[in-house]
Amino acid sequence: MKISIQINEGPYQHQASDTAYQFAKAAIAKGHEIFRVFFYHDGVDNASRFTVPPQDDRHIVNNWADLGIKNADGNEVELVVCVAAALRRGMLDASEAGKNGIDSNNIHPAFRISGLGQLIEAGIQSDRLVVFGD
Amino acid sequence: MSTKKFMYLNRKAPYGTVYALESLEVVLIAAAFEQDVSLVFIDDGVYQIVDGQNTDGIGMKNFSKAYHALGDYDINQLYVSAESLTERGLSVDDLMPLVYEDEDDDWAEKPSIKVVSNVEISKIMSEQDVCLSF
Amino acid sequence: MLHTINKSSFERNSLQSCLNTIDDTSVILLIEDGVICAANNANSSMLAELATQGRVFALQGDIDARGISSKVADNIKLVDYAGFVDLVVEHGTTVSWV
């Protein structure tokens, strides 16, 4: 079955991203396809490549990044960050940084910034869409 | 593209958190996908569409006016929990007079807001393909 | 349908709101702080009837993490993340009471 995920909260502050990750891993292990993970609201903070957790803690950003290549059928798990939510929270990829005259960018390369239409499309294309939030 | 029934579940008041604003942003984008869209306002979510919001004193944008645009995008199924209104000392008269023009009825202006019981919300919910919560 | 609850009934009204609108066939999965609703406590009666009907599940990992595995109320079924996936697959649309 084709499943997509929406994550509304950032890492570490809230369990939403952890639960979603465990759910996604379990779904892939059972042979389902995670079509897309859409990061919205503070969930966009899950995509920061500047994340440096203590060594004995899980690395939520890298966990998601690693999952990005792990669908059983070899298809990539799309990790999509909402552009509007990201920009207002200071999350930028190189392209958005350039457009906005900012000299740095912080989106991990496993994630890509795109529009809210990607969330709707995930709902249309997938058999299930599960929301994780506060 | 296939048509699915999308429900947007709104349970939080505006301004205290960003969920109401960013939910509305999704709904406005969703309109372009020509899906069957319903909005449910329950619990403190009913405060999102209360009339007479004035944000002058808090330095935030008053986005309530944008709900008036929903009718123009053919989003005209706004279900409000009667029980949630009553619990909060509100009635339909306290809500914004949101309307749409019915193309099947000579573009007559009709109310988009339907105050319904929780039992009716239960029925509407069970008909949905996708539920997005914010 | 599958309804997920991730908040304690002592903190938020998510469980009550879900119960106010749930139909006769849907099931509830308690996750994150929602598993506090699965423990024997002053709010247990909220879920007792649905649990008797076999319609209440709770995520084992979240129960264990909060040290309440010996407090789980009668008839609540414990599942792991794979069980969570099965519930999503089997019960159609998922409603998250976030």
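This is a predicted model: local features need pLDDT of at least 70, side-chain atom pairs count only at pLDDT 80 or more; totals for chains, interfaces and linings use all residues.

Student: How do you know which share of the residues of chain A counts as buried?
Tutor: The test is a relative accessible area under 20%. Of the 134 residues of chain A, 59% count as buried. Apply the test to the 134 residues of chain B, and 53% count as buried.

Student: Why does the radius of gyration of chain A agree with a compact globule?
Tutor: The rule is 2.2 Å times the number of residues to the power 0.38. For 134 residues a compact globule would come near 14 Å, and chain A has 14 Å, so the two agree. Chain B also has 134 residues and a radius of gyration of 14 Å, so it agrees with the rule as well. As for extents, the C-alpha trace spans about 45 × 35 × 30 Å along the principal axes of chain A, and about 45 × 30 × 30 Å along those of chain B.

Student: What secondary structure does chain A come to?
Tutor: Chain A has five helices and five strands, in the order β-α-β-α-β-α-α-β-α-β along the sequence. Chain B comes to three helices and seven strands, and its pattern reads β-α-β-β-α-β-β-β-α-β.

Student: How do you know how far apart in sequence the contacting residues of chain A are?
Tutor: A contact needs heavy atoms within 4.5 Å. Take the contacts in chain A between residues at least 6 apart in sequence: 78% of them join residues at least 24 apart. In chain B, residues 24 or more positions apart account for 78% of the contacts with a separation of 6 or more.

Student: What makes up the contact between chain A and chain B?
Tutor: Chain A brings 20 residues and chain B brings 22 residues. His41(A), Ile120(A) and Ile124(A) supply 35% of the area that chain A buries against chain B, more than any other three residues. The area buried between the two chains is about 1700 Å², and carbon and sulfur atoms give 61% of it.

Student: How far apart are the mean positions of the positive and negative charges of chain A?
Tutor: Lys and Arg count as positive, Asp and Glu as negative. Chain A has 12 positive and 17 negative charges, with mean positions 4 Å apart. Chain B has 10 positive and 24 negative charges, and their mean positions are 7 Å apart.

Definitions and conventions. Residues are numbered from 1 along each chain as its sequence is written. Chains are lettered from A and ligands numbered from 1 in the order in which they are written. Side-chain values use heavy atoms; hydrogens and water are left out. Helices (H or I, at least four residues) and strands (E, at least two) are DSSP runs, numbered from the N terminus. Buried means under 20% relative accessible area, exposed over 50%, partly exposed in between (1.4 Å probe, protein chains only). The place of a charge is taken as NZ of Lys, CZ of Arg, CG of Asp or CD of Glu. Buried area is the accessible area (1.4 Å probe) that two parts lose on being put together, summed over both.
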